[in-house]
Amino acid sequence: MTIKSVFNIGKASATGVGQVMFQQSYWTGLIFLAGIFWGSYECHLPQVAWGAVVGAVVSTIAGYLMDPDAPDGSAGLYGFNGTLVGCAFPTFLSNTWYMWVALVFCAAMSTWVRKAFNNVMAAWKVNSLTFPFVFTTWVFLLASRMMHDLAPDALSYPTLHIVLDGTLDTSFGSLVVYWLKGISQVFLVDSWITGIFFIVALAVCSRWAAFWAMFASAISLAVAILYHADPSDIASGLFGFSPVLTGIALGCTFYTPNWKTALWTVIAVIATVFLQAGMDSFMAPLGIPTLTGPFCIATWLFWLPQYKLQTGNK
Amino acid sequence: MTIKSVFNIGKASATGVGQVMFQQSYWTGLIFLAGIFWGSYECHLPQVAWGAVVGAVVSTIAGYLMDPDAPDGSAGLYGFNGTLVGCAFPTFLSNTWYMWVALVFCAAMSTWVRKAFNNVMAAWKVNSLTFPFVFTTWVFLLASRMMHDLAPDALSYPTLHIVLDGTLDTSFGSLVVYWLKGISQVFLVDSWITGIFFIVALAVCSRWAAFWAMFASAISLAVAILYHADPSDIASGLFGFSPVLTGIALGCTFYTPNWKTALWTVIAVIATVFLQAGMDSFMAPLGIPTLTGPFCIATWLFWLPQYKLQTGNK
Amino acid sequence: MTIKSVFNIGKASATGVGQVMFQQSYWTGLIFLAGIFWGSYECHLPQVAWGAVVGAVVSTIAGYLMDPDAPDGSAGLYGFNGTLVGCAFPTFLSNTWYMWVALVFCAAMSTWVRKAFNNVMAAWKVNSLTFPFVFTTWVFLLASRMMHDLAPDALSYPTLHIVLDGTLDTSFGSLVVYWLKGISQVFLVDSWITGIFFIVALAVCSRWAAFWAMFASAISLAVAILYHADPSDIASGLFGFSPVLTGIALGCTFYTPNWKTALWTVIAVIATVFLQAGMDSFMAPLGIPTLTGPFCIATWLFWLPQYKLQTGNK
């Protein structure tokens, strides 16, 4: 193993962090990471940031081991699911070496599962988005209830009785905080400052991506408030992160920006909010989070019809 | 927008109502609607009938907006999912303008989701049946528990403890009522008179369809009684509506009627009863109804093997 | 119906029992059956063994009725799902003639559903494994809660609160018992002697299959103990049976044995343990068992990527 190959894996891993929001840029990935470090230390969960680093590197290596020559590696497509695995495990499970072993196992698996899912979906000209992360992480979070040494410290308790929690402070300052947290929660970070990091990181690579992240978070906040969705979830940005990804995916990644695709994306973003609420209910008896599942489903539903809206760069 | 195009959309919408039971006929659709109006006013839920109208029109328009030139429009294939969305929302959710906005949104979405699902299933030479309605409506019914202003007024309470409710009156008159309600519940209407409307509406377009609706409702009633299924569900026709659709779909729509296909359809109708019971249990912890999910799954299971039974008109 | 055709159906059914663990050999099937009879009589559940016989024969006949000329019949591919249906129904449901009618219906259906699922999965060069058994049996087990005469005698109670049960005796003798039960539970039999029957039966047809059954059961036992999974499940071999199938499937059926495929199979076997734990949690609110679902999912996930590991005999 040469210094060059170590450097290449580092670059591919950083690009993988950027690909979580569809940006093939290690600069974007590094600023994302800076934001994650800021937010996770602010929340006294430094293990989340280190998990992101470990997840990105492990999943990138796992990809190269099985497919050394594919262009996916340098494009960062091996690392984005593992990055999210690395954020999720320390967020929900207790910080033991059992958890870290499972994290490494799951991060590697997410890359191989991505290939499995992509092979399935290739027939319909869509891909698996972040669903490999969602699926494999669900498995381990659920497993934690059957395994004494993989304890579900920060999972919510399974329940049949959903209680909408508290009232919402709708002062302008608070709304801005919720709006920025909607963006930071893409990496499971609960910090408005991290949200600013992420907007900057997107703008470095694509102004359109930065615009759609901001616009989609705003739309989802408006819809969630209009329908009086769960106040504590709104305040933590939990109605925002999936719509943000839907917005970037449809608004400027899979379609070329124009008025038709913009309108289509807005509809998809609104649908994502209802999918988020619906999946929250669906998973309440299981006591596990939806992760980015609502984004995946919404994006597939609005991508699979393959309507001709002057499609473009993918 | 000319008077002619308004008239065409009306005709396509009425045909869409007919397509809920696979009949490409606006006369059938109009008699269905008459039955829905009768039953929903009888049950003091007029909003269900108006919901059906709104759902049919909105989903038809949504289809034309995205695919103006496809033959699906005039065939009524844009409208049938939306019609059912329009019946389901006012049945289960409280009658507020929040609900109507969500209904319009979901009815439009059901048409686009149909295209998404059909694109996926085309590879196997089957289609998505009423599953776009089922899926999108599940999302909003589940979402209603996380959104204060989309209240789940008439959803059953989530539970882990299924209690089989009461005893069944098996006098001949009662059995006839259950049998007819099995047909009326296709549109979520709990009225035996509406069941008669629906049989007439089917017979106008296809005697075979009317026969299979009646026969399948009778078979499902017999199986449900034989296995002592939940009495209150039997009495409301809730074990009948999915088998009715399975019967029409396999008995005379996707296969040409003959003895082999008839036997195959009877087996599928019986399987639908167990699927209905199984999905009822599956959804009990979620507190949402199966809608026509059992029909979709049963029909796929007996259609996907693509056995040669002297297939015919599709 | 001639004596010869009766004999052929018997042979095809016995081969079907063998195909549960991927062995196309009626000798293997017959020794499996001997083990099932031993274990089910030992556990005072003779109906399980007779269920296996009925299930194998019915599903084989059902296959021949619809596809008389396909090579699947003599290869035992009609019978393996039905065999498992026949083991599962008397294990979980009360021993009434209602249950036996449902068993026959479901066993037949499992063969047709296999064709449906295989048609779907053919595009990705994988097959449905034992999932037709899993899916159809789930439907009837769930249905048993809605039907008074299909009583769920031995299903666990639906719960949101998983309690890890007792402590584990880790003496060497106990570990050997758990290890052998991990193999016997493939046919839902809780007997270490049956586990020995099964190893012998596999060795008759394939030494590699016997090796992977033993090795996979050992790996899964180690992982389950390491992570302190539910002690009573470990002691009954319930963490072992799905990994055993994953091991045989990937280790020597779909891939040719070599070091690369062996390593890949070990990773898949470990993943199966976490999938088992995860699915246990997922199904706790429903109160139904995972059956061989974890094996199916794990094997698909590690098969679908279609990595080139010097593939071989399939």
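Helices are here DSSP runs of H or I at least four residues long, numbered from the N terminus. With that convention, Val139(B) falls in helix H6 of chain B, which covers residues 131-143. The model examined here is predicted, and the description moves from the contacts between chains to a few individual residues.

The contact itself draws 33 residues from chain C and 34 residues from chain A. Between them, chain C and chain A bury about 3,000 Å², and 79% of this area is on carbon and sulfur atoms. On the side of chain C, the residues that lose the most area to chain A are Leu160(C), Tyr227(C) and Tyr307(C), which together account for 24% of what that side buries.

The largest contribution comes from H12(C), with twelve residues. By residue class, the side of chain C that touches chain A divides into 25 nonpolar, five polar and three charged residues.

Attention can now turn to chain B and chain C. Chain B is superposed on chain C by a rotation of 120° with 0.0 Å of shift along its axis, and the RMSD is 0.0 Å. The C-alpha of chain B nearest the axis belongs to Pro285(B), 4.1 Å away from it. Here, too, the copies use different surfaces, with 9% of the contact residues of chain B recurring in chain C.

How many residues does each chain bring to the contact between chain B and chain C? Chain B provides 33 residues and chain C provides 34 residues. About 3,000 Å² is buried between chain B and chain C, with carbon and sulfur atoms giving 79% of the area. Leu160(B), Tyr227(B) and Tyr307(B) supply 24% of the area that chain B buries against chain C, more than any other three residues. The count of salt bridges between chain B and chain C is zero, and the count of residue pairs in polar contact is twelve, both residues being at pLDDT 80 or more. Helix H12 (259-283) and helix H13 (293-303) of chain B are the elements that give two or more residues to the side touching chain C. H12(B) gives the most to that side, with twelve residues. The side of chain B that touches chain C comprises 25 nonpolar, five polar and three charged residues.

Setting aside residues up to four places away in sequence, Val139(B) touches Phe274(A), Leu275(A) and Gly278(A). Along its own chain, the C-alpha of Val139(B) is separated by 18 Å from that of Leu129(B), ten residues apart in sequence.

Is Ser40(C) buried or exposed? Ser40(C) is placed in helix H2 of chain C, residues 26-42, and it is buried because its relative accessibility is 3%. Beyond its neighbours within four places in sequence, Ser40(C) is in contact with Leu45(C), Pro46(C), Val48(C), Ala49(C) and Val189(C).

Ser25(B), by comparison, sits in the loop between helix H1 (3-19) and helix H2 (26-42) of chain B. Its relative accessible area is 13%, so Ser25(B) is buried. The side chain of Ser25(B) reaches the backbone nitrogen of Thr28(B) at 3.0 Å. Not counting residues up to four places away in sequence, Ser25(B) also touches Ala14(B), Thr15(B), Gly18(B) and Cys205(B).

Notes:
Residues numbered from 1 in each chain as written. Chains lettered and ligands numbered in written order. Predicted model: local features only at pLDDT ≥ 70, side-chain atom pairs only at ≥ 80, totals over all residues. Heavy atoms only, no water. Contact = heavy atoms within 4.5 Å. Buried area = accessible area lost by both parts, 1.4 Å probe. Nonpolar A, V, L, I, M, F, W, Y, C, P; charged D, E, K, R; others polar. Least-squares fit on C-alpha atoms with pLDDT ≥ 70 in both. Salt bridge = Lys/Arg side-chain N within 4 Å of Asp/Glu carboxyl O. Polar contact = N/O pair within 3.5 Å; in protein donor to acceptor, adjacent residues only side chain to side chain. Buried < 20%, exposed > 50% of the residue type's maximum accessible area, 1.4 Å probe, protein only.
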